[in-house]
Each structure stands twice: as structure tokens, then as C-alpha cells.
Amino acid sequence: NPACPACGIDDFMLFIRSIENARLIETRCETLPAPESAPKGVWYDLLDPTPEERAFVDAAAGVSIPSRAELEEIEVSSRLYSDEGVEYMTVTAASRLDSDAPVKTPVLFVLNGTALVTARFIELRPFVNAIERMSRPGAAANVSAESLMLTLIEAMVDRLADALEQVGSAIDESSRSIFRSNGGGDVGKRDRDLQATIEKVGRQGDSLGIIRESLVGFNRLVGYHHGMGHIARGSVDTDARIRTIQRDVASLSDHATYLNSKVQFLLDATLGLINLEQNQIIKIFSIAAVCLMPPTLVASVYGMNFKHIPELDYEFGYPMALGLMLITGLAPVWYFRRKGWL
């Protein structure tokens, strides 16, 4: 990949990409040249841009890139709009989905005729994969700015599909862990940590929420582009790609809704099992208290300090009292087992 004239090559924040010989060629810029002397590209890619870099791309591509604060606004009118024929489309992307701490970040797509401008604030794997694929010889034949944008969106939706599969597998594993058989033993003796299970399921729910939010954003973005920008210059192939993306997003959204309901069920089930085990412990203490009451009564009777107690002179009084305490202690246990309370 060639370096931009008068540009450094150590820490790249601005990438200018063009199509040459049916492949994507990248020019990396750290130090900004004059807009008139900059290489012309079909794709201007900004990574955590500074105000100076935004101003440079504004002048080079004829657009007006919003700030990050503006991109993070949630109202649709601030995320999807057209200004003098230029489409500005912002979507919430999911990143670090393989980790325990996924994040969401805004990604801006600006479509200005023959030029595509993207602004992002974190490295995204779908961007890397799409760039590597289109950099191969012959992989970017007849590629336009619009098809570049659709390729990136397809890669990001594919990444969300993979993440949904991972979350679904993790949810299934959590379900098996919660409801696995304990070989007919006591539920309270299962070898598991329900608190850790709740935390695990909660993290899966957080990841699922980020994925669902991203899918909603892509559904709005593609629908807006198809209705506002694509109609004027649409082709059969592009129309088919857009409709395929919409179907994929719709099916993934339905699957995410199903997984979300399963997460809620697992959380409720785990909390229910915790309550059952707590009730089992309270039940054991209650039964123990009831079983100890008769022996305590016997011991209290023969512990009274009255002068005339008939059994005081009985030769076998002490063994009788011990036997009576044992019998009265075991009788409630026998009765509870017969009733099925133990």
C-alpha cells in the first residue's frame, strides 16, 4: 500500500482508498496534505477523526461530517438525513463481541455520488475483513461507492449473525447447566454456583441487547437508503443486494428476540431455583426445631426442682428419660417422611 505524499506512516487515522486494476488500493494519511493535492479516492475512511481530519475530508469529498456527539444522538432525524443530495447515515455497531465486555459505537456512512465517507471510533473486524477481501486482485471490479457501502454493511451483518450464534450456544450451555440432572439426589447438593450463573446469563443478555440495537440500526439505514437514495440510481443487482440485507436483518432480529425471551426465562428460572434452595434450608431448620421440641420438653420436665418427683427414686429413671427423649425426637422425623415432607 503506497503512502500519501508528505504523510507519515506510523499511526494512521485517515485512509484514502481507490479502485485500481480491479482491486482496492489504500493510501494512508497521518499528516494531512492540502485538499487539492490529496489523492482522489472512492472511499475516505476516518478512524477516530480529529476536527482537522474531518475538515480535510469535508473539503476533499464535498461533505460535512458531524461530530461524535452528533452521531450518538438517538433520534432518527439526526441519524438518517439527506443534505443537498448527500446521504448521511449513522448506525450503532457492535464491537468486541468475543469478549465479556462488548461495546457499541457509532459508525457514519456518507454517500456523495461517486465517493463514500465512513467515520468510526474503534477498529471493527468487518471493516478489516472487507478491506482484505477487496484488496485481492480482481476482487473490486466494477465497484462503486454505493457497492462499497453495501459490502461493508453485509460484512457487519454477517458479523452480527456469527455473534448471535455464539450467544445462542452460550445460552444453551447455561440452560443445560441450570437444568441438568443431579442423578436423583437432593437439588441442594448440585455442584453449581447459581450466583455465577446469573452473572453469566446477564452478560449474555447485555451482548444480545447490543446486537439487537445494531440490527435495528441497520434495518433503518438500509430502508432509508433504499427509499431515498437508491431509487434514483438503482440497478437490479443493487436492489437485490439491498433486499437480501433487509431479509437477513429481519430474520436475525426475530432470532435475537427469541434468544432474548430465553435469557429472561433462564434468569427467572435461576432466581426460582435460588428461592427453592433457600426454602429448602429454611425447611430443614424448621424440621430440626420441631424434632428437638419434644426432647427439650422431656428434659425440662425432669429438670424441675420439685421435691416430690416419682421418677427420682426409680432405678431406671435416667435410661427411661433418655429413651423417651430419643423416641420423641425420632417420632416427628418418621411422621414427616410418611407425609412426604422430607
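Which residues form a negative surface patch? Select D158, D162, E165 and D248, and you have it on screen.

Before you go on: this is a predicted model, where local features need pLDDT of at least 70 and side-chain atom pairs count only at pLDDT 80 or more, while totals for chains, interfaces and linings use all residues. Residues are numbered from 1 along each chain as its sequence is written, and side-chain values use heavy atoms, with hydrogens and water left out.

**The patch**

A patch here takes residues with over 30% relative accessible area and no salt bridge, joining like charges within 9 Å. A salt bridge would be a side-chain nitrogen of Lys or Arg within 4 Å of a carboxyl oxygen of Asp or Glu. Asp and Glu count as negative, and the charge is placed at CG of Asp or CD of Glu.

Now colour helix α5, residues 145–179: three residues of the patch, its largest share, come from there. (Helices are DSSP runs of H or I with at least four residues, strands runs of E with at least two.) Then jump to helix α7, residues 236–301, where D248 sits. D248 counts as partly exposed because its relative accessibility is 33%; the cut-offs are under 20% for buried, over 50% for exposed and partly exposed in between, with a 1.4 Å probe and protein chains only.

**Two positive phi angles**

Next, pick E84 in the loop between β4 (80–83) and β5 (86–95). Its phi is near 55 degrees, a positive value in a non-glycine residue. With 79% relative accessible area, E84 is exposed.

Last stop: R96, in the loop between β5 and β6 (103–112). Phi of R96 is near 55 degrees, again positive without being glycine. R96 counts as exposed, at 51% relative accessibility.

Notes: Patches are made of residues with over 30% relative accessible area and no salt bridge: like charges are joined within 9 Å, nonpolar side chains (Val, Leu, Ile, Met, Phe, Trp, Tyr) within 5 Å. Accessible areas come from the Shrake-Rupley method with a 1.4 Å probe; for residues, only the protein chains shown count as cover.
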